[in-house]
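Take a look at the chain below. This report walks from the whole fold down to a few side chains.

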Amino acid sequence: MIHQALALPRLPHLSTGFGSNGDVFFHQSRTKNQVLAFSAAGDDQISSSKTIQTRKVVEHVSLLKAKESLSEEKEKDMLDYLYTCQYQMRGIVAISVGSIGDRNSEGYTHALFVRFQRKEDLEKFYENPLFLKVLSEHVTPFCHGLTNVDYESEVEDDILSIFRKGEEYNYGEEFVLLVTFAKNASEKNIKDAMDSFAQLTSSLPSLIVQSTQGSNFNDSSKEFTHAAVVRFRSFDAMEIFVEGREYKDMWRSQFEPFIEKSVALHFSVDPVGTDVM
């Protein structure tokens with residue numbers, strides 16, 4: 001069993017959300033398809049897609065609602081087993097998992113992010129006997145809700161960016177944004193909103209290591225229509241971003257008029273071990 005470095009952080013974290021007026025707000029917690037992508041490099045400027053070679057990837061986000069009876073020991077086991085799945089399954093190129101606290105509007109407590117090379121790898125992941133065993137023995141007995149979102153995105157065609165390897169990926173804050181666009185939102189409304197988010201995140205490499213996004217193609221879990229995952233360099237970097245005027249203005253003008261619901265969550269990422277459970 002590994003010592004889960006994605007365990008509860010030393011400092012209190014905040015769980016973010018959106019007010020009815022579009023403002024980003026923070027909750028004190030007990031823990032710390034038009035597809036665009038960005039990997040940080042250079043000064044704070046919008047990266048040109050013409051000069052960056054990209055590769056398609058498939059990303060999976062799973063949000064859990066843990067029962068109040070979940071003990072610290074069982075929580076650690078659950079996160080450890082989810083994380084070490086990557087060592088026993090083909091097709092997984094990156095993974096992160098952690099506690100997001102319990103004071104968001106939807107009641108989510110934990111999140112799992114997994115990146116695959118192809119859709120076929122994701123399909124095999126859902127059917128993998130090992131993964132199903134992890135769910136049945138270490139997740140579902142302690143959780144009363146689970147939401148999955150799957151989307152295709154693009155990342156810089158560089159091994160460190162694809163596999164999320166290297167020093168700048170060892171630490172940081174994983175930020176997950178899920179939204180449901182209203183049925184009367186036009187394709188242009190949706191494209192403009194998602195493009196504006198991608199452009200903003202790609203303009204801030206001093207705060208952001210990588211940002212990906214896309215439309216949810218999971219037919220069995222359609223609660224959310226789109227997702228974005230942003231790896232911030234630190235909790236402070238994320239706080240600067242979500243409290244910034246640019247982000248608030250973008251949310252009010254590009255998202256708020258066209259969405260039915262949204263949830264924004266985050267969890268701490270620290271170096272992890274490599275021992276298989």
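## The chain as a whole

Of the 277 residues of the protein chain, 54% count as buried. The model is predicted. Its secondary structure comes to eight helices and eleven strands. The protein chain exposes about 13000 Å², and carbon and sulfur atoms supply 47% of that area.

Now look at one strand pair. Seven bridges join β5 to strand β6 (residues 110–116), and the two run antiparallel. In β6, F113 is the residue that stands opposite S96.

H60 belongs to strand β4 (residues 54–66). Is H60 buried or exposed? H60 counts as buried, because its relative accessibility is 1% and the cut-off for buried is under 20%.

The side chain of H60 makes a polar contact with that of Y126. Another polar contact joins the side chains of H60 and D150. A further side-chain pair, N148 and S62, is also joined by a polar contact. The table gives the distances.

| Side-chain pair | Polar contact distance |
|---|---|
| H60 and Y126 | 3.2 Å |
| H60 and D150 | 2.7 Å |
| N148 and S62 | 3.0 Å |

Sequence neighbours within four places are left aside in the contacts of H60. Those contacts include L112, F113, V114 and F116. Also among them are L122, F125 and Y126. N148, V149 and D150 are in contact with H60 too.

## N148 and V149 in strand β7

Both N148 and V149 lie in strand β7, which covers residues 143–156. N148 is buried, with a relative accessible area of 14%. V149 is buried as well, with a value of 1%. Both count as buried because 14% and 1% fall under the 20% cut-off.

Which residues does N148 touch, not counting those up to four places away in sequence? They are H60, V61, S62, Y126, N216, N218 and S221. With the neighbours within four places left aside, V149 is in contact with E59, H60, V61, L178, N216, F224 and A227.

L178 is 29 residues away from V149 along the chain. The C-alpha atoms of V149 and L178 are separated by 8.5 Å.

## Cysteines

A disulfide is a covalent bond between the sulfur atoms of two cysteines. How many disulfides does a search of the whole structure find? It finds zero.

C85 is buried, with a relative accessible area of 3%. C143 is buried too, with a value of 10%. Both count as buried because 3% and 10% lie under the 20% limit.

How values were computed: Residues numbered from 1 in each chain as written. Predicted model: local features only at pLDDT ≥ 70, side-chain atom pairs only at ≥ 80, totals over all residues. Heavy atoms only, no water. Helix = DSSP H or I, 4+ residues; strand = E, 2+ residues; numbered from the N terminus. Buried < 20%, exposed > 50% of the residue type's maximum accessible area, 1.4 Å probe, protein only. Contact = heavy atoms within 4.5 Å. Polar contact = N/O pair within 3.5 Å; in protein donor to acceptor, adjacent residues only side chain to side chain. Disulfide = S-S within 2.5 Å. Areas by Shrake-Rupley, 256 points an atom, 1.4 Å probe, with all protein chains shown as cover. Pairing = 2+ DSSP bridges.
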